[in-house]
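Please open the structure in the viewer and keep the selection tool at hand. The stops below proceed from the whole chain to particular side chains.

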Amino acid sequence: MAARGLKRFIALLSSLVLVLVMALAVVSFAPRAFGYTPYAVLSGSMEPELPVGSMVFVRQVEPSDIAVGDNATFYRSDGAVVTHQVYEVDPVAQTISTQGIANKNADGTIVHDAEQTPFSRVIGVVSFCVPYLGFVNAYCTTMPGLLVVGAVLALLVAASIVLDRMVSDEPAGKHTRAHARERRS
């Protein structure tokens, strides 16, 4: 009886892990089909609006269509991808000026980013944000994360196969009753 319960638990756990992996893949790749690119939020410069560990989905737009107050995602001059709030758009110079809303001076005012961003380095604007998904995505897309996910799936499949061979799906008494009927005949 305990082995059958363990078998059911392993089957349920396997299904749950498989559903979670598939859901992560869908959330990470399906938005791309609709023009959204996901990015993990790895710093607190935009908290509380975009919490650390969130995943933002960025829609490509014409940089000239970006408005003050939009959260723009762009390449910094060092190549890092950053999402900050736009506080100024200069269509003549073709630049945007941004700020991390959590980056504050001693007097509580928001610190503006040191450099302006040329339109050519703008990726797009944030359309929506999913809290915590960035942590999961950031981990699962690293080599250790992929190895852990693969190992967990392999262990669950192996446990399921071993339990399948060891434990019958029939209730315990059913086989005994059928065998007893055969002896009477």
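Buried means under 20% relative accessible area, exposed over 50%, and partly exposed in between (1.4 Å probe, protein chains only). This is a predicted model, in which local features need pLDDT of at least 70 and side-chain atom pairs count only at pLDDT 80 or more, while totals for chains, interfaces and linings use all residues. Residues are numbered from 1 along each chain as its sequence is written, and side-chain values use heavy atoms, with hydrogens and water left out.

**Whole protein.** Colour by secondary structure to display 4 helices and 8 strands (DSSP runs, H or I of at least four residues for helices and E of at least two for strands, numbered from the N terminus). Along the sequence, the pattern reads α-β-β-β-β-β-β-β-β-α-α-α.

**Helix 1 and helix 2.** Select residues 133–140, which form helix 2, together with helix 1: the two pack at about 100°, with axes 11 Å apart (axes are lines fitted to C-alpha atoms over the stretch in contact, and angles run from 0 to 180 degrees between N-to-C directions). Helix 1 and helix 2 are therefore roughly perpendicular, a term for angles of 65 to 115 degrees. Show the side chains in contact (heavy atoms within 4.5 Å): L24, V27 and S28 from helix 1 meet L133, V136, N137 and C140 from helix 2.

**L6.** Next, select L6, which lies in helix 1 (residues 2–33). L6 is partly exposed, its relative accessible area being 42%.

Note on methods
Angles under 35 degrees count as roughly parallel, over 145 as roughly antiparallel, 65 to 115 as roughly perpendicular and the rest as oblique.
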